[in-house]
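This report goes through helix packing, ligand surroundings, sheet pairing and selected local geometry. Please read it alongside the sequence and coordinates.

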Amino acid sequence: MADKSVIIRIKRQPTPSSKAYWEEFSVPYRPNMNVISALMDIAADPVTRDGKATTPITYDSNCLEEVCGSCAMLINGKARMACSALVDKLDQPIRLEPLSKFPLIRDLAVDRSVLFENLKRVKAWVPVDGTYDLGSGPRVTMQAQEEAYPLSRCISCCCCMEVCPQFNESTGFVGAATISQVRLFNTHPTGAALKRDRLTALMGDGGIQECGYAQNCVEACPKEIPLTTSIAEVGGAVMKQAIGDLFRR
Ligand code: SF4
Ligand code: SF4
Ligand code: FES
């Protein structure tokens, strides 16, 4: 057991414009280790399996408990969180690659700011800014809280967008996470003040009609958010508003 090793192949790319290449590493096995802990071992001693000194791997991580959403990457070809990917459950050599649909920064780190831009586009917040005392907010029933809670678990990891066939440059599709946040904030009693703006933002190019309902997103979501239900509900609301607008002209 003492000399058991974990073999990891990592796709390296020092800059967005440089050529990608692979390096293989061997790290000592520990029970219950995850992919991030293996990357930490490599950072402490960045030497490849064949003994060549190399640079430490660049990757994002923070919470180490599937809350911050930063450590999403392709692990054995599947978009998932590196901090919750247990080595014991992965075939070896473990293959690590950056998410493929986001601009590469370096190695396994990518720029996921498109999701934050999309959340701004749909005003994914409760509008309570002010310098005066707003008092206590409206009461939210237990049933409404229970419906909202699963949607509030989104960690902005972008796995749902990585696996979506419609999320690409030609469609400009906002993706399932953003649509689900529209559902969350539109059902909040105070957040609903911006409901019309949010639904309008989902009409037209890159909006909800780009969704092909392939359901890859719901399969990939590490927080098991009911994304396809959100897409169906928000799609119905967008349609209703669009028809209403037509008759109001
Ligand atoms: S249902 Fe399919 S097309 Fe729609 S967001 Fe999910 S993965 Fe993309
Ligand atoms: S909806 Fe799920 S997969 Fe998509 S960003 Fe949020 S947590 Fe990640
Ligand atoms: S390190 Fe925060 S989700 Fe993995």
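## Contact of H5 with H8

Ala-176, Ile-179, Ser-180, Val-182 and Arg-183 of H5 are in contact with Leu-227, Thr-229, Ser-230, Ile-231, Glu-233 and Val-234 of H8; contact means heavy atoms within 4.5 Å. By class, the residues of this contact are six nonpolar, three polar and two charged. Ala, Val, Leu, Ile, Met, Phe, Trp, Tyr, Cys and Pro count as nonpolar, Asp, Glu, Lys and Arg as charged, and the others, Gly among them, as polar.

H5 spans residues 176-187 and H8 spans residues 227-248; the two helices pack at about 65° with axes 9 Å apart. Axes are lines fitted to C-alpha atoms, for helices over the stretch in contact, and angles run from 0 to 180 degrees between N-to-C directions. The crossing of H5 past H8 is left-handed, a term used if the near helix is turned anticlockwise from the far one by less than a right angle (right-handed if clockwise). Elements are DSSP runs numbered from the N terminus: helices (H or I) have at least four residues and strands (E) at least two.

## Basis of the model

The model is predicted: local features need pLDDT of at least 70, side-chain atom pairs count only at pLDDT 80 or more, and totals for chains, interfaces and linings use all residues. Side-chain values use heavy atoms, without hydrogens and water, residues are numbered from 1 along each chain as its sequence is written, and chains are lettered from A and ligands numbered from 1 in the order in which they are written.

## Ligand surroundings

Around ligand 1 are Cys-164, Gln-166, Phe-173, Ala-176, Cys-211, Gly-212, Tyr-213, Ala-214, Gln-215, Asn-216, Cys-217 and Ile-231. A residue is near a molecule or strand if one of its heavy atoms lies within 4 Å of it. The shell around ligand 1 holds eight nonpolar, four polar and no charged residues.

Ligand 2 is surrounded by 13 residues, the closest being Cys-154, Cys-157, Cys-158, Cys-160 and Cys-221. Its shell divides into 11 nonpolar, one polar and one charged.

## The five-stranded sheet

An open sheet of mixed pairing is formed by five strands in the order E2-E1-E5-E3-E4; strands pair if DSSP finds at least two bridges between them. At its edges are E2 (21-28) and E4 (78-81), each pairing on one side only.

E1 (residues 5-12) and E5 (residues 94-97) run parallel and are joined by three bridges. Opposite Ile-8 stands Ile-94 of E5, and opposite Ile-10 stands Leu-96 of E5. E3 pairs with E5 in the antiparallel sense over two bridges, and Ile-75 has Leu-96 of E5 as its bridge partner.

## Salt bridges and local geometry

The whole structure has 13 salt bridges, each a side-chain nitrogen of Lys or Arg within 4 Å of a carboxyl oxygen of Asp or Glu. One joins the side chains of Arg-12 and Asp-107 (3.0 Å, N to O). This pair links distant parts of the chain, 95 residues apart: Arg-12 is in E1, and Asp-107 is in the loop between E6 (104-106) and E7 (109-110).

Most residues other than glycine have a negative phi, and most peptide bonds are trans. Asp-107 has a positive phi, near 50°. Gln-92 and Pro-93 are joined by a cis peptide bond with omega about 0°, and Pro-93 is placed in the loop between E4 and E5.
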